[in-house]
Amino acid sequence: MASTIDFDFRNKLLKMHGALSLTYCYQCGTCSGGCPVAKETNGKYNPRRIIEKSLLGMKDKLIKDPVLWQCTLCDTCDESCPQKVELTEIFYVLKNLAVKEGFVPDAYKAQSTAVFDNGVAVPYMAPMIRARKELGLEQNLEENIVIPVQELQTLMEATGMKEIVDKFKAEKSAAAPAPKPSE
Ligand code: SF4
Ligand code: SF4
């Protein structure tokens, strides 16, 4: 993937909340050494490189690359960084920018839509309910949701997330095959 250094992007990033600590990085690699996702992906996911590309303002290589979304936000890198770079805050900022520009993996689109519609990322499905019944577990799962769906939707509307979810839904219906005409 070709990419150019975008100083405007770098400067914009540095002004965003939590991203200024980016400049403290001296590329020691401690973050990557302790990152469980880097280990699991044999280095394909590499937090040090994400910080390096951010410092260089390599916007396209950052926000268009789905690898950005592989971080589990476990905070191991934040805790081990000798320079106190706030890596996970920076990753939030980058992901928010990716969302604004429309580069979101389908799995995240589906998950945020499920949270908006059902109040949970993985809606309760018949096999789950059946398994719970067999194990003698609580059946009335709706009552166990910490925040009622309507309240969650109000919060998502206030933060602008509803607008984003509406966009995901519109994209999905536009991509769906047209129904076959009935014979
Ligand atoms: S551990 Fe900190 S200083 Fe070292 S490469 Fe990672 S972000 Fe940079
Ligand atoms: S927060 Fe992300 S980048 Fe940092 S160690 Fe955990 S998985 Fe790796």
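The legends below describe close-up views of a predicted model.

**View 1**
Ligand 1 has 14 residues around it, and Cys25, Cys28, Thr30, Cys31 and Cys81 come nearest. Two elements give two or more residues to this shell, helix H2 (30-34) and helix H4 (47-56). By class, the shell around ligand 1 holds 9 nonpolar residues, 4 polar residues and 1 charged residue.

**View 1. Cys31 and its contacts.**
Cys31 lies in helix H2 and is one of the residues that come nearest to ligand 1. Is Cys31 buried or exposed? Cys31 has 26 C-beta neighbours inside 10 Å, and a residue with 20 or more counts as buried, so Cys31 is buried. Leaving aside neighbours within four places in sequence, Cys31 is in contact with Pro47, Arg48, Cys77, Ser80, Cys81 and Leu87. Cys31 and Pro82 are 51 residues apart in sequence, but their C-alpha atoms are 9.2 Å apart in space.

**View 2. Gly33, also in helix H2.**
Gly33 has its place in helix H2. Because 14 other C-beta atoms lie within 10 Å, Gly33 is partly exposed.

**View 3. The buried residues of helix H4.**
Which residues of H4 are buried? They are Pro47, Arg48, Ile50, Ile51, Lys53 and Ser54. Pro47 and Arg48 are also among the contacts of Cys31. The buried residues of H4 pack against helix H1 (7-15), H2, H3, helix H5 (59-63), H6 and H7. Just after H4 comes Gly57, which takes a positive phi of about 70 degrees.

**View 4. Helix H8 against helix H11.**
Helix H8 (residues 106-118) and helix H11 (residues 161-175) have axes that come within 10 Å and cross at roughly 120 degrees. H8 and H11 are therefore oblique to each other. The crossing of H8 past H11 is left-handed. On H8, the contact is made by Lys109, Ser112, Thr113 and Phe116, and on H11 by Lys162, Val165, Phe168 and Lys169. This contact has 3 nonpolar, 2 polar and 3 charged residues.

**View 5. Helix H10 against helix H11.**
At what angle do H10 and H11 pack? Helix H10 (residues 149-158) packs with H11 at about 95 degrees, and their axes are 5 Å apart. H10 and H11 are therefore roughly perpendicular to each other. Gln153, Met156 and Glu157 of H10 meet Met161, Lys162 and Val165 of H11. The residues of this contact divide into 3 nonpolar, 1 polar and 2 charged. Lys162 and Val165 of H11 also take part in the contact with H8.

How values were computed
Residues numbered from 1 in each chain as written. Chains lettered and ligands numbered in written order. Predicted model: local features only at pLDDT ≥ 70, side-chain atom pairs only at ≥ 80, totals over all residues. Near = placed C-beta within 6 Å. Helix = DSSP H or I, 4+ residues; strand = E, 2+ residues; numbered from the N terminus. Nonpolar A, V, L, I, M, F, W, Y, C, P; charged D, E, K, R; others polar. Buried ≥ 20, exposed ≤ 12 C-beta atoms within 10 Å, placed from the backbone. Contact = placed C-beta atoms within 7 Å. Axes fitted to C-alpha atoms, helices over the stretch in contact; angles between N-to-C directions. Parallel < 35°, antiparallel > 145°, perpendicular 65-115°, else oblique. Left-handed = near helix turned anticlockwise from the far one by under 90°.
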